[in-house]
Amino acid sequence: MLLLIQYMLIFASILILVALGGCFSEHSGVINLGLEGIMVIGSLGGALAMKYLPLTIPAVPYVLLVILCAIVFGVAYSSLLGVASINFKADQTIVGTALNMLGTAGATVAVKAINTAANPNDVSSIIQYINPKKKFLINMGGFEFNWFMLITLIVLVVAYVVLYKTRFGLRLMACGEHPQAADSVGINVYKYRWAGVLISGAYGGLGGICYILAGVSEWRFEYGAAGFGFLALAVMIFGQWKPHRIALAGLLFGFFRALSNVYFGFPFLVKLNIPGNIYNMMPYIISLIVLALTSSRSRAPKAEGIPYDNGQR
Amino acid sequence: MAEQYAIEMLNITKRFPGIIANDNITLQLRRGEIHALLGENGAGKSTLMSVLFGLYQPEEGEIKKDGKVVQIRDPNDANDLGIGMVHQHFKLVECFTVLDNIIMGVEPTKAGFLQKKEARQKVLALSEKYGLKVDPDALVEDITVGMQQRTEILKMLYRENEILIFDEPTAVLTPQEITELMQIMRNLKAEGKSILFISHKLAEIMAVADRCSVLRKGKYIGTVDTDKTSIEELSAMMVGRNVNFHVEKKPAEPGDVILEVDGMTVASKVHKNNAVKNVSLKVHAGEIVCIAGIDGNGQSEFVYGLSGLEPLVSGRILFKGEDVTKASIRQKSVMGFSHIPEDRHKHGLVLDYSLEDNLVLQTYFQPEYTNKFGFLRRDNIRKKADELIEKFDVRSGQGAVTSARSMSGGNQQKAIVARELDKDPELLIAVQPTRGLDVGAIEFIHKQIVAQRDAGKAVLLVSLELDEVLDVSDRILVMYEGEIVGQFDPKKTTQEELGLYMAGAKRMEVQA
């Protein structure tokens, strides 16, 4: 049971972080379908940090450095989306898709190159982080507390406050709803859209490193983020682009994802004799059902997906 | 000493590809006056205001504020100079509250956090002072158009703007709201604000403005004091000739029945009841039958049912004696239905298509425009488009290849009229054909409609404008809550009498 909660919280953390990233980007008016790719690149940044940082650094600065590295990678990668969709006014859906394909492929190539450079016989795309991983965990009597759970909580509160209580949030959302209105009162729409995209890069990178640290102790980069970026988009839509509802949606999806890891720990579930694959499919099936049922009522930021051109006002 | 103006735009010239939008225009706004800017659609009013608001940079000319030359590079500069604008299409974020919309861009903050309390007090004080009733906590998407406009006005007042621009503010308002707005403008003037009022509605200008500057086809025509002029003089200045406010036409000579509607019932999309209830009417060749009524009494749905945009619950439609109840829109079109729809953007044009493609939307499949291999014959399409553009005086930046979206509303409407009339229909259904148009274009379209009638066509006109109803039609049917409640001869009735039937105060049995 404790294990179920532990997994639920860690999976929910990933989904909430990434969904919040999407939330910032979409509130600024840019659809970020590239979250999956951003997660991969963010996790690459974090994994490289763990590979090269000396383990002698104490836990707290070590964790912060790894996270910072993941965020920097995520932000840098998301700037591709910014340049293409804000400055060059490209189709955001296509740019996002390209980011996803490039993310996994690019990370795989990079890791393989690093591995072969260190050992000519090693052409795997795996980075190991058995020992670094321990720094992220605190064992509390059977419950493995993960730093990311706390970070997610903080980031969630910050996101809520920033969106609804600050000038930045008001202006950001205006740019995603009605950029012409924002422009007419002197708000620089491009600037706020860039801010939204870069914030989503930071959150995506953070979610990425959280993801590869959640379960195993090594990561094979060919796996990408196994669709978690898309699951996070579903969480964002189910959460109606609102941080507090995203948190609830994240917990729900996290629960089903966790179930697939630990269902064999519950005798009554084992007795049902459902194949494990079904549990693995659950989060994805649930997201399909949930989106089919809720998408007609969902209210996305009105101007998202439409490149802003201040010559056409 | 020279007179002090609040704002002066001197010799402004602004060119766009293929068109000179403003040609050496001078506009001087005195302090504390309401100054109207009058012109037809496409005369350059909006461009001039965009220049003043910093959205466009003029190629020539200068802007002076209080006698000093100023540079306005973007809306922020305009704002700093105290210039505010209520745009024709409101610039409001629908899912924000009224208060959020007002403070957006000039939010009071402490360390980046919004301080809405003091903002709310300031908004409430302003709303009290100028009689601008708003609910600061309501979401914009939930409030009336009138309140949205008051929100826009409060946006300017909150910024302590001294020069207020109203771009076609009455186009979207009900008559009561227009009266209120006029009073608000007078209140603002009394508080020393200078107002630029852009309009093509002459009666409103005469009612509220002190002076009026007139533009025509991008050129400055002149400025007159409204108490020393007349509606006729202003309209002549605007269109460059004397305008006939009354439609010249000879008595109708109704022929055979062209359209017969028998017991039509159409469901409503907004409520559970039927929008059109058991309506029967006949339209003869050579007559204009007009359906009058207050907006939302089933006229739109009646036309949807007639044209095939909505299915009928029950009833029959006969066209020259043939049952066309189940006929498709294409079939009806080919048989001789023409339809000038109510919503020109939704049902009239494909906005991202070129003008020429829009002009053949209903005929492109004919051998004249499509060869036997299924390819479009662009040369013939271009020839037809150029012919119609010439004949109906459709003005646009680049002629036949202009995208419909970039054309002014009046010219979009002319394009639709051109397309529908060129089909040489047996029956013309025209819904609000002159909505939002200026007097010159209205006169033109009315003439075309009467010409169709004189050529022996049946015309069914749906209009909300009583002037138009009385002027153009040969027979008036009043629709109230989905039923025909009165039939009138336009020569023997008055606006007041029609009003009683339109409001449901009276009704008669009609055998139309």
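This is a predicted model: local features need pLDDT of at least 70, side-chain atom pairs count only at pLDDT 80 or more; totals for chains, interfaces and linings use all residues.

Biologist: Why does B:Asn24 count as partly exposed?

Modeller: B:Asn24 has 14 C-beta neighbours inside 10 Å. A residue needs 20 or more to be buried and 12 or fewer to be exposed, so B:Asn24, with its 14, counts as partly exposed.

Biologist: What is the phi of B:Asn24?

Modeller: The phi of B:Asn24 is positive, about 55°, although the residue is not a glycine. Most residues other than glycine have a negative phi. A:Trp241 is another case, with a positive phi near 60°.

Biologist: Where is A:Trp241, and what makes A:Trp241 buried?

Modeller: A:Trp241 lies in the loop between α10 (228-238) and α11 (243-262) of chain A. There are 22 other C-beta atoms within 10 Å of A:Trp241, and the cut-off is 20 or more, so A:Trp241 is buried.

Biologist: Back to chain B, then. Why is B:Val98 called buried?

Modeller: The same test applies: B:Val98 has 25 C-beta neighbours inside 10 Å, and 20 or more are required, so B:Val98 counts as buried. B:Val98 belongs to helix α3 (residues 98-103) of chain B.

Biologist: Which residues does B:Val98 touch?

Modeller: Leaving aside residues up to four places away in sequence, B:Val98 touches B:Val134, B:Asp135, B:Pro136, B:Ala138, B:Val140, B:Ile143 and B:Thr151. B:Met237, on the other hand, is 139 residues from B:Val98 in sequence and 40 Å away in space, C-alpha to C-alpha.

Biologist: How is chain B divided?

Modeller: Chain B has domain 1 (5-239) and domain 2 (247-332 + 460-512). The C-alpha centres of these two domains of chain B lie 39 Å apart.

Biologist: How do you know that β13 and β14 of chain B pair?

Modeller: Strand β13 (residues 257-267) and strand β14 (residues 274-284) of chain B are joined by seven antiparallel bridges. Pairing takes at least two bridges, so β13(B) and β14(B) pass. Within this pair, B:Ala267 stands opposite B:Asn274.

Biologist: How many bridges does β13(B) have with β16(B), and how many join β16(B) to β17(B)?

Modeller: β13(B) pairs with β16(B) (residues 314-319) over five bridges, in the antiparallel sense. B:Leu259 has B:Phe319 as its bridge partner in β16(B). Two bridges join β16(B) to β17(B), which also run antiparallel, and the threshold is at least two, so this pair counts too. There, B:Phe319 is bridged to B:Glu322 of β17(B).

Biologist: What makes β14 and β17 of chain B edge strands?

Modeller: The four strands form an open sheet in the order β14-β13-β16-β17 of chain B. β14 and β17 (322-323) of chain B each have a single partner strand, so one side of each is left without a neighbour in the sheet.

Biologist: Over to chain A. Why is helix α7 of chain A described as mostly covered?

Modeller: Helix α7 (residues 167-177) of chain A has 11 residues, and 10 of them are buried. Among them are A:Arg167, A:Leu170, A:Met173 and A:Cys175.

Biologist: How does the reach of helix α4 of chain A compare with the expected value?

Modeller: Helix α4 (residues 92-118) of chain A has 27 residues and reaches 38 Å from its first C-alpha to its last, close to the 39 Å expected. Its buried residues include A:Gln92, A:Leu99 and A:Val111, and what covers the buried residues of α4(A) includes α2 (35-52), α3 (59-87) and β1 (126-128) of chain A.

Biologist: Which residues touch the most other members of the largest nonpolar core?

Modeller: A:Leu15 and A:Val235 do, in a core of 238 residues. The largest share of this core, 15 residues, comes from helix α1 (residues 2-28) of chain A. A:Leu15 touches A:Val235 itself, and also A:Phe253, among others.

Biologist: And how many residues does each chain bring to the contact between them?

Modeller: Chain B brings 18 residues and chain A brings 17. On the side of chain B that touches chain A, α2(B) gives the largest share, three residues. The residues on that side of chain B divide into eight nonpolar, six polar and four charged.

Technical notes. Residues are numbered from 1 along each chain as its sequence is written. Chains are lettered from A and ligands numbered from 1 in the order in which they are written. Two residues are in contact if their C-beta atoms, placed from the backbone, lie within 7 Å. Ala, Val, Leu, Ile, Met, Phe, Trp, Tyr, Cys and Pro count as nonpolar, Asp, Glu, Lys and Arg as charged, and the others, Gly among them, as polar. A nonpolar core is a set of buried Ala, Val, Leu, Ile, Met, Phe, Trp, Tyr and Cys residues joined through C-beta atoms within 7 Å. The expected span of a helix is 1.5 Å times one less than its number of residues. Domain bounds come from an automatic or database domain assignment.
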